Every structure is written in C-alpha cells, then in structure tokens.
Amino acid sequence: MEETLGITVTDIDAVKTEGAIQKYALHVTPTILVLVNGTEKERMEGITPGPVLEKKLKKYIGL
C-alpha cells in the first residue's frame, strides 16, 4: 500500500519498542494506527482485511 497510495508505513514491535504500548495505549495486537502529522486519526484493532484498510486510508489522502 505504500507504493499504491504513496504513504509511509512504519511497523513497530510494541513489545520490543520501549514505551510503545503506553504511548499508543495498545490493548490488542495487531493494532493499526493512522497518524496524520503525528495525530491519531483512526485505530483498527485486530486483523484488518486489505481492502478495508485501503478504503480507510484513502479518506486521509484524498483518493
């Protein structure tokens, strides 16, 4: 989706990344956070099918 939508995806292992669980208030894995200029705009907890994820992301990039 990075190439298709022209976005940056950062994969963080919350268990191995000190402070990530607290910083992002994570309760479930996987959790996908949509951050726009560092502000959380959307949170998807659990498995998110690709088409659903793509549709949600498109609303933030004007597609």
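Here are a few questions and answers on the fold and salt bridges of this predicted model.

In this predicted model, local features need pLDDT of at least 70 and side-chain atom pairs count only at pLDDT 80 or more, while totals for chains, interfaces and linings use all residues. Residues are numbered from 1 along each chain as its sequence is written, and side-chain values use heavy atoms, with hydrogens and water left out.

Q: How many salt bridges does the count come to?
A: Side chains of opposite charge can pair when their charged atoms come close. The rule here asks for a side-chain nitrogen of Lys or Arg within 4 Å of a carboxyl oxygen of Asp or Glu. By that rule, the count is five.

Q: Is Glu-42 buried or exposed?
A: Glu-42 pairs with Lys-56 in a salt bridge, 3.0 Å from N to O. That pair links distant parts of the chain, with Lys-56 in helix α3 (residues 50-61) and Glu-42 in strand β2 (residues 39-45), 14 residues apart. Buried means under 20% relative accessible area, exposed over 50%, partly exposed in between (1.4 Å probe, protein chains only). Glu-42 has 12% relative accessibility, so Glu-42 counts as buried.

Q: Which residues do salt bridges that share partners join into one network?
A: Arg-43 bridges to Glu-40, with the closest N and O atoms 2.9 Å apart. Arg-43 also forms a salt bridge with Glu-45, at 3.8 Å. The network joins Glu-40, Arg-43 and Glu-45.

Methods. Helix = DSSP H or I, 4+ residues; strand = E, 2+ residues; numbered from the N terminus.
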